[in-house]
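Let's take a walk through this structure together, with the sequence and the 3D view side by side.

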Amino acid sequence: MLKIEEVYKSFGNQAGTEQQQVLQGIGLEVGEGETIAILGPSGSGKSTLMNIIGALEEPDRGEVIYRGRKINDYTEKELDRFRNEEVGFVFQFHQLLPQCNLQENVLIPTLVSKADRKEKRAYAESLLKRTGLWEHRHKLPGQLSGGECQRTAVIRAMINRPKLLLADEPTGALDGRNVDVLTDLLMELNRDEKVAIILVTHSRELASRMGKVYELKNGVLHQQ
Amino acid sequence: MNPFKLAIKSLIYYRKRNLFLALGIAISTAVLTGAFVVGDSVKYSLNRIVELRLGAVTHTMESGDRYFTLALADTFSRVYETDPAPVLSLDGIAIAGGGKRRINDVQVHGVDKRFDRIAGTDGYYGGLTGDSVVISRNLADRLSIGPGEEFLLRMTRASLVPVNAPFVSDDENTISLRVAIRDVAGVYELGAFSLENSQTAPFNLFISIERLNDLMELGGRANLLLFPGGVENTNELEQQVAGLWDVRDLGLKLQGDPGGKFTEIKSERVFIDDSIANAILEVRPGARPILTYFVNYLAHSGRSTPYSFVSTFTDSDLRKDEIIINEWLADDIDAGFGDTIRLGYYVVGPLRELDPAEKKFVVREVVPMEEPFLDQRLMPDIPGLSDAGNCRDWDTGVPISLDSIRDKDEDYWERYRGTPKAFIAVGQAEEMWENRFGKYTSFRVEEGQDAARALSESIPGRVRPSEIGYRFTPVLERSSFSARNGVDFSELFGGLSFFLLAGAVLLTVLLFRLNIGEREEQLKTLRATGIPARTVQRVLLLEGMIVAISGGIIGIFLSVIYNQLVFIALNSIWRDIVRTDMLEVAIRFPTLLTGLGISLLIAMAAIYFPLRKQVRHLANRACSKHFRKSRMRSKILFTSGITATAIALVLLVIQFLNGKSVDPGIFFVSGGLLLVGGLVLVYGYLERLGSGKSQVNDLVTLGIKNALRNRTRSITVIMMFALGTFLVISTGSNKKDLFVNADERSSGTGGFLYFAESTVPVLQDLSDEAARLDYGLGDGYKVVQMRVAEGDDASCLNLNRIQTPRILGVDPRELSGRFSFVSGTGRDLVGDPWELLEQDLDKNVVPAIADETVIKWSLGMTVGDTLVYQAENGRQIHLVLMAGTAPSIFQGNVLISRDHFLRYFPQNTGTRVFLVDGPVEDSTMISEDLEAGMRDLGWEMEYAAARLAAFNTVTNTYLSIFLVMGALGLLLGTIGLSIVLFRSIIERREELAILRAVGYGKKKIMRMIMTEYLLLLLAGTITGSLAAVIATLPAFMSRNSGASLEMVFVIVLVLLLNGVIWIRWITGIGLRTKVLGAAMRNE
């Protein structure tokens, strides 16, 4: 489903005099419904790799191929559609819109979706009920706990039934109990919705629940 | 959920921030729309004033110092479908309170019931009889009198004979009358009646025209005809008048010879105007022109006959040097055929200067004391002379030595009156005695008795009224034009409020940027969920639009309040620029809509561009390019900044190398370029620092680092302060010191001590000893006299657009080396520009000089442009503006040379504007001397410096408004700074909490934040003040301004202090918030 070939990425310092090589020829293949964890210390380039996979950043070199087509060849419109329908993103911080209630936040990605709104609403309802958030649907993010917000963020990422879920330190801001709840949720979704998951984490425990575990070291992925 | 709903949700959730944004937009809307409303109100008021001062008048016929018969108005209303109102309009002086209260420029209007139709009143003016008068409200207020009370009215004497004509006595040229006030007329009774294009109401007095005629012994005359519509155009009106008027309206008297041999045509004005003379000759080519002149003596071989009339009436074909004398004269001076006799006479100059002249003639014939030579009708009718009982009663305009009058002269007068004693050739007489009033004193048409009637019917139609000084004016159309095109207060206040507007727009941009900056993570999330950048932009734009519209609507309401405040100021502290209390507020819906529309466009631009940039930044996947862009932008900014600064410096160097002439415009452009260049360089520097390596060594470098984190935000704050400082300092520098150097000849006073005007014209040359004696004036000072051709006041005190300013006729030599010139071609300004006035250009083209401010602002012209006037002979004259003076006491007028003046306004009566030159230490003595001597002429005198100051007060008032707006703009800048500062503390709360955690004390953190913002404040203030000093360098170099480096220092200090206080206060609040504590715990 997704293939990453020889991806390089570097960042210049502020003076532009030095280049720091973050990713050095990353290669990775992700199959349908596969779960992958990427471990690595801070600043190792995990988030950059996620952003490149999610078409939020461009690699300096190399390709990201999704279902046989290079993402770099996508038009802006196709990129938008890719991010909206094929990929779901979960960040370390939930990034819910504080002005919208839970239900509205969940439905944000459907703003531009051509899919049946009713069906989306019903799906949102089922996911919210499944995660125990249905009774909180009219609450604003500020009225919920961090765990509840992060679960909502996961539902938001799943609302368009993507084939790939990218989770960047999704449990980084959660306490122990909430980490488990969220991990369970992700695994359930993988199981039930057949969504492939790439998860970046510091937590070896969380990583151990994924099908494959990689470690990003010196810009290169090493399978554990 | 849809984009609209999301926008509404965001709007509500971020309501506090949006409220601030809406207020920013409301301020810009209020300022902009307020300026439009002020403009509308002033325009409405000016138009309203036109209605209130003209009543029903649409056209006028003015005859100046000529007087047409009241019958002309009657005939007009009989023949045409209009009913004009005749008015006898004179200048007067009102004296009340036992002489304590005196108004020198009262307009006295003799009116009858027909004026009621003009005023829209019923019997109000028609009911005036005897010495009862109606006065205008402003006159009553100034004299502190009311109905039933009496006061003394002194008026210029209206005379059918021009008072300035040769031999006409100028004694008793005023008439006094004690009048009783019947009522005080308000604006709705046409109390503000005026034909002048000015918003300032004159002091009016209305009296019965019949009574006024009696007082002036005019016998039913008027000099102003007011038409309440029914007139197509002025050409047609003139033709209609020419078809209706009769010989009396031309000032002619026709009298048949009792013997039935001839008809004599004489003028009430002593001399017959050339155009009338031509008409007579056209009608009767055989008519004999006669010039009879009063000579001082006729002498031969030591014997002399004083004061005699010499005429041209003779059948003999005289050579130019031949003379015919009568027997009486021949006996008296013992002259006979072939003898050479001397004829002495005066040539009377424009100011009644008497230039004695003498001519020798050879006696061709001695004629007996019988007809046709014994004809006393040849003597012109000169009041005070021709009607005198004996020689000793003569009251002439020339000095008479009574000692030289002998008994035999009295006998001659008694027997023959003014029968000419000698006759010369008409051509010779014309050469000697032709003057600006004409060249003949009578005509004789040798036809029978019926000729008088035939001539009466045929002559008037041959004369165009405008040829003899009648003026026809579409006064309503012209006034409306002037009001419509008057000072545009929309533009003015728009311009004056520019910085306030710019400040509000910058604040809007700043607030919006802050708003979207804080929501950057949200926007990233939206992008990450696949929401296209355009949709994100649309949602935010929609939110912004709703905020803008709400702010705009609030702004519209605020604009009305702003307008009210401006009007309160215009009617009080800023009254100097409007000079009327008749300003009314006019709120037009289309104006509000226009203001709202433009404000919304500005607001949307202020929102759209930062938003587009932000969203583009979000959409950009190639983040690393950002640094490259930053470096490139830094280079571009540096190049642009250095270019702008270099151009500014080159302009300055050129200006200094150019030598003496200082062009303030170039300096202002240089300053402006320096401001732009400076700001761009600062921005470039921030960019460079932002993209470069730097080490934090202390709180200052840490402050700089922090300022670099959001460079656009930082540069916006710097810009607001730089612009504010620039405007405040440049405005302050341009303020004129009202009295400094006023005694210098190069200053706006020309070094003159006093500027004076008289209600009654001064006919004599006040440098002449006899004239000074007449008026009881002492020595030790000089009076420069100027003639006046009436026009509108084109000074900055008049809000109307003026097309024909008042003309002053002056002897350029008397102004030589005085005043300063700021415009004119380079060649023109070499030497003495006043000499330009003496140039002879094409026919009917006259060189003129005016105050540059008049040329530029009141007339909307430049040097080289032409003003068109109607000369006294009805022809158009073109006044070419040759040069412009620096702001001077001549503001409001156009100056031409006295010679040109008299060529085109030959019959103009005397001088009415005066400049007094004398030692400053004698100023009190001079003032008392002139006030006492000229009191009865309605002498109004003020210090030249005070007059100049009054004009400068207007400029200074405009600058004050600018200053107020600039200060308000700076206040907005400070508010902007405070908001940025507060938000910044909130944004950085975690970081600040960490600093606290690692041991930074509150004071240190405060110092760090203050350093950061003081740097922004300093950068803005220093850039703005340096640029302002350059922009107003001429003011710093001139001693005639309030500009000084001390002033700049004080302003900068105040601005910095103000900034420091706010920064300290806001930082204190920010660091006190619980949020910081919470953030600290989180971290």
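Predicted model: local features only at pLDDT ≥ 70, side-chain atom pairs only at ≥ 80, totals over all residues.

A:Arg67 counts as exposed because its C-beta has 11 others within 10 Å, and the cut-off for exposed is 12 or fewer. For background, most residues other than glycine have a negative phi.

B:Asp334 is not a glycine, yet has a positive phi of about 55°. You will find B:Asp334 in the loop between helix H9 (327-333) and strand E17 (340-348) of chain B. B:Asp334 is exposed as well, with 12 other C-beta atoms within 10 Å.

## A cis peptide bond in chain B

Most peptide bonds are trans. The bond that joins B:Glu371 and B:Pro372 is cis, with omega at about 5°. To locate B:Pro372, follow chain B into the loop that runs between strand E18 (354-367) and helix H10 (407-416).

## Helices H29 and H31 of chain B

Next come two helices that pack against each other. Helix H29 (residues 1002-1031) and helix H31 (residues 1045-1072) of chain B cross at roughly 155°, and their axes come within 9 Å. Since angles over 145 degrees count as roughly antiparallel, H29(B) and H31(B) are therefore roughly antiparallel to each other. The crossing of H29(B) past H31(B) is right-handed.

On the H29(B) side, the contact includes B:Ile1005, B:Ile1009, B:Tyr1013 and B:Leu1017, while H31(B) contributes residues including B:Val1048, B:Val1052, B:Leu1056 and B:Ile1063. Residues three or four places apart in an α-helix point the same way, because the helix has 3.6 residues a turn. By residue class, the contact of H29(B) with H31(B) divides into 15 nonpolar, 4 polar and 2 charged residues.

## Helices H2 and H14 of chain B

Which way do helix H2 and helix H14 of chain B run relative to each other? Helix H2 (residues 15-54) and helix H14 (residues 489-496) pack at an angle of about 150°, with axes 7 Å apart. H2(B) and H14(B) are therefore roughly antiparallel to each other, and their crossing is right-handed.

H2(B) brings B:Leu32, B:Ala35, B:Phe36, B:Val38, B:Gly39 and B:Val42 to the contact, where they meet B:Phe489, B:Ser490, B:Phe493 and B:Gly494 of H14(B). No charged residues take part in this contact of H2(B) with H14(B), which is made up of 7 nonpolar and 3 polar residues.

## Helix H16 of chain B

Helix H16 (residues 520-528) of chain B has buried residues: B:Gln522, B:Leu523, B:Thr525, B:Leu526, B:Arg527 and B:Ala528. Just past the end of H16(B), B:Gly530 has a positive phi of about 90°.

## Chain B as a whole

Finally, let's step back. Chain B contains 32 helices and 31 strands, and 51% of its 1083 residues are buried. Its C-alpha atoms fill a box of roughly 135 × 60 × 55 Å along the principal axes. Of the contacts in chain B between residues at least 6 apart in sequence, 83% join residues at least 24 apart.

The domain assignment of chain B includes domain 1 (1-56 + 489-621) and domain 6 (754-944). The C-alpha centres of these two domains of chain B, domain 1 and domain 6, are 48 Å apart.

Note on methods:
Residues numbered from 1 in each chain as written. Chains lettered and ligands numbered in written order. Axes fitted to C-alpha atoms, helices over the stretch in contact; angles between N-to-C directions. Helix = DSSP H or I, 4+ residues; strand = E, 2+ residues; numbered from the N terminus. Parallel < 35°, antiparallel > 145°, perpendicular 65-115°, else oblique. Left-handed = near helix turned anticlockwise from the far one by under 90°. Contact = placed C-beta atoms within 7 Å. Nonpolar A, V, L, I, M, F, W, Y, C, P; charged D, E, K, R; others polar. Buried ≥ 20, exposed ≤ 12 C-beta atoms within 10 Å, placed from the backbone. Domains from an automatic or database assignment.
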